[in-house]
Amino acid sequence: MNRKNLVSLEGPLTNDVRVTNFTKTGEDVQTYENTVANARIAVHGGRSGNDDETLFIDVELWSHGAIAVSEFQKGDIIRFEGCLRNKEWKDKTTGERRHSIVLRAEHFIPIYIKENTLIEETVAY
């Protein structure tokens, strides 16, 4: 992990975690190495003092981390640690190049699940 680009973000999942298995050729493959989980969290507040400000951050986890995070659901509060990456793609309808910032998580800590149970287990992969 690049220590110059290390961030930790905590917030509720805004959707259920989506897990995909793939290879570069597009074939479905059931191996941990080719597994990615995509989630989105809502991060509230900020240094500007505006507590009503909410950022929606896409989170990406690979391999065993993808499998481990897949058990959590919308509303569960998770703390993710990893690096920020620029994600680029071509819009299928307009052909325009698009980009967004994604947190590629290397560790996560479930903070609260729907029953508001405190969890103190760090999951690293």
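## Surface and burial

In this predicted model, the protein exposes about 8500 Å², and carbon and sulfur atoms supply 47% of that area. Of the 125 residues in the protein, 28% are buried.

## Fold

The protein has 1 helix and 7 strands, and these elements follow the pattern β-β-β-β-α-β-β-β when read along the sequence. Among the contacts with a separation of 6 or more, 56% are accounted for by residues 24 or more positions apart.

In soluble globular proteins, nonpolar side chains tend to be buried together. Here the largest nonpolar core has 17 residues, and those with the most contacts inside it are L13, I41, V59, L61, V69, F80 and F108. At least two residues of this core are supplied by each of β3 (35-44), β4 (54-62), α1 (64-69), β5 (77-90) and β6 (97-112). The largest share, 4 residues, comes from β3.

The backbone of S63 has a phi near 60 degrees, which is a positive value in a residue other than glycine. Is S63 buried or exposed? The relative accessible area of S63 is 17%, and because buried means under 20% relative accessible area, S63 counts as buried.

Methods:
Residues are numbered from 1 along each chain as its sequence is written. This is a predicted model: local features need pLDDT of at least 70, side-chain atom pairs count only at pLDDT 80 or more; totals for chains, interfaces and linings use all residues. Side-chain values use heavy atoms; hydrogens and water are left out. A nonpolar core is a set of buried Ala, Val, Leu, Ile, Met, Phe, Trp, Tyr and Cys residues joined through side-chain atoms within 4.5 Å. Buried means under 20% relative accessible area, exposed over 50%, partly exposed in between (1.4 Å probe, protein chains only). Contact means heavy atoms within 4.5 Å. Accessible areas come from the Shrake-Rupley method with a 1.4 Å probe; for residues, only the protein chains shown count as cover.
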